Amino acid sequence: MHTTFSKEEIINIRKRFPILSEKIYGKDLVYLDNTATTQKPADVIEALADYYKSYNSNVHRGVHHLSQQATDAYEKARKKIQQFIGASLPEEVIFTSGTTESINLVAQTFAKDHLKKGDSVMISAMEHHSNIVPWQMICEEKNAKLKVIPVTENGELYMPGFEKLLDKTVKIISLTYVSNTLGTVNPVKQIISKAHEKNIPVMLDAAQAVQHFPVNVQELDADFIAFSGHKMYGPTGIGVLYGKEKWLKKLPPYKGGGDMIKTVTFEKTTYNDLPYKFEAGTPNIADAIGLAKAIDVITEIGLHKIHHAEQELLKYATGQLKTIPTLRIIGEAKEKAAVISFLLGNAHPFDTGEILDKQGIAVRTGHHCTEPLMDFFKIPGTVRASFSFYNTREEVDALVKALRRIDNMLN
Ligand SMILES: Cc1ncc(COP(=O)(O)O)c(C=O)c1O
């Protein structure tokens, strides 16, 4: 059967991620929790250490050599991200602490001048809490409504429902590109084009997209996108907000402080140009540099190859899991990323997860920060196995073997 990477290639890929050779309870680690966070290649770990060891300094402030070096590396990281997502300008790339902060930034600043009583914000029923709560908070404050695109039983957006909700009250749509719980890849291009016919901007939560397949913001014509470094082989504490220049210029600053100003007097402050208007205080320099290194690694391996390898794993794992008669997959959209949520007969997801852990197999259990979606499926949670290109068929086999044993014990 065809596999994207040869045996030798996959061995070399796995060697780049030191944690993958760890033992858990004396067993080989089988890391299938990549949706929660991905593992870090040595290249990223070394880039972080190198910054702290040899050019740690604050950016945009010093005339001295180290500060210049740090500033160069930080701004190069921004350019790398610009290229990675196909943004037209580096100024459209804002460093944040992660997807959650990027979404909060847009919700808070957009609402100031663009949301009033009677307006609405559209999201979907498969959003992560971080793309629900910030909008809910702002809707409460502004007396606006949250409209929710329904999902179907197989875990896809119900498009007639979307069209029905798309009325004049909708001022912004914020939607996940890929569901972290179901793996569903949403038809965001189609949604953006329909929204733009009515001049409604669209924000994409791309936290589960950018690491799996190429995302080009100009091709999509997305107004904003958000993603996190730690889910794409980079460090925690760093993330990105992309915004079209015209929007970022229009929106007011989010936080006040150093770097985001041009002039300050006690009477009035004028704000800095993009992107600094949205980057108050000392930024997360080291992790921005680490994220740029992660992009180098992804690019070197090839995002198309990564996508292909993960799709093969998804297909193989889905087929193998389905050989367990009691196993029920939640979310069988036609287009999916390599994420499989499931229930094993009547076994509680937590028990399944705990026993898997004793075999060295790391999965996530629970509601995956998508409680409304669990309510829709009338389940308390799922077991979720999420794959990266560094996972192997042997690891899928280990999962399936362990699940068979658990099935015999608990069902
Ligand atoms: C789809 C989606 N959106 C948002 C988030 C939040 O990301 P972070 O916690 O890195 O801000 C996650 C994290 O799991 C996610 O999967």
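**Salt bridges, ligand shell and cysteines in a predicted model**

Lys-80 and Asp-296 form a salt bridge, with their closest N and O atoms 2.8 Å apart. A salt bridge here is a side-chain nitrogen of Lys or Arg within 4 Å of a carboxyl oxygen of Asp or Glu. This pair links distant parts of the chain. Lys-80 is in helix H3 (residues 65-85), Asp-296 is in helix H10 (residues 285-301), and the two are 216 residues apart. Helices (H or I, at least four residues) and strands (E, at least two) are DSSP runs, numbered from the N terminus. Lys-80 is partly exposed, at 27% relative accessibility. Asp-296 is also partly exposed, with a relative accessible area of 28%. Buried means under 20% relative accessible area, exposed means over 50%, and partly exposed lies in between (1.4 Å probe, protein chains only).

The model is predicted: local features need pLDDT of at least 70, side-chain atom pairs count only at pLDDT 80 or more, and totals for chains, interfaces and linings use all residues. Residues are numbered from 1 along each chain as its sequence is written, and side-chain values use heavy atoms, with hydrogens and water left out.

The structure holds 22 salt bridges. One of them joins the side chains of Asp-119 and Lys-171, at 3.8 Å from N to O. Here, too, distant parts of the chain are linked. Asp-119 sits in the loop between helix H4 (99-114) and strand E5 (120-124). Lys-171 belongs to strand E7 (residues 170-176), and 52 residues separate the pair. Asp-119 is buried, at 5% relative accessibility. Lys-171 is partly exposed, at 25%.

Another salt bridge pairs Lys-244 with Asp-221, whose closest N and O atoms are 2.8 Å apart. Lys-244 lies in the loop between strand E10 (239-243) and helix H9 (245-250). Asp-221 lies in the loop between helix H8 (217-220) and strand E9 (224-228). The pair therefore ties together parts that are 23 residues apart in sequence. Lys-244 counts as buried, at 15% relative accessibility. Asp-221 is partly exposed, with a relative accessible area of 32%. Elsewhere, salt bridges that share partners join Arg-16, Asp-43 and Glu-300 into one network.

The ligand comes next. Its surroundings are Thr-99, Thr-100, His-128, Ser-130, Thr-176, Asn-180, Asp-205, Ala-207, Gln-208, Ser-228, His-230 and Lys-231. A residue is near a molecule or strand if one of its heavy atoms lies within 4 Å of it. By class, this shell has 1 nonpolar, 9 polar and 2 charged residues. Ala, Val, Leu, Ile, Met, Phe, Trp, Tyr, Cys and Pro count as nonpolar; Asp, Glu, Lys and Arg count as charged; the others, Gly among them, count as polar.

A ligand oxygen is 2.6 Å from an N or O atom in the side chain of Lys-231. A ligand oxygen is 2.8 Å from an N or O atom in the side chain of His-230. At Thr-99, a polar backbone atom is 3.5 Å from an oxygen of the ligand. Taken alone, the ligand exposes 400 Å², and the protein buries 86% of that. Accessible areas come from the Shrake-Rupley method with a 1.4 Å probe; for residues, only the protein chains shown count as cover. A polar contact is a pair of N or O atoms within 3.5 Å; within protein, one must be able to donate a hydrogen and the other to accept it, and residues adjacent in sequence count only if both atoms are side-chain atoms.

Polar contacts also occur within the protein. Ser-179 lies in the loop between E7 and helix H7 (188-197). Ser-179 is buried, at 1% relative accessibility. A polar atom of its side chain is 3.2 Å from the backbone nitrogen of Thr-181. Thr-265 is in the loop between strand E11 (261-264) and strand E12 (269-271). Thr-265 is partly exposed, with a relative accessible area of 42%. Its side chain reaches the backbone nitrogen of Lys-268 at 3.0 Å.

The structure holds 0 disulfides (pairs of cysteine sulfur atoms within 2.5 Å). The sulfur of Cys-139 is 20 Å from the closest cysteine sulfur, in Cys-369, which is too far for a bond. Cys-139 is buried, with a relative accessible area of 4%. Cys-369 is partly exposed, at 22%.
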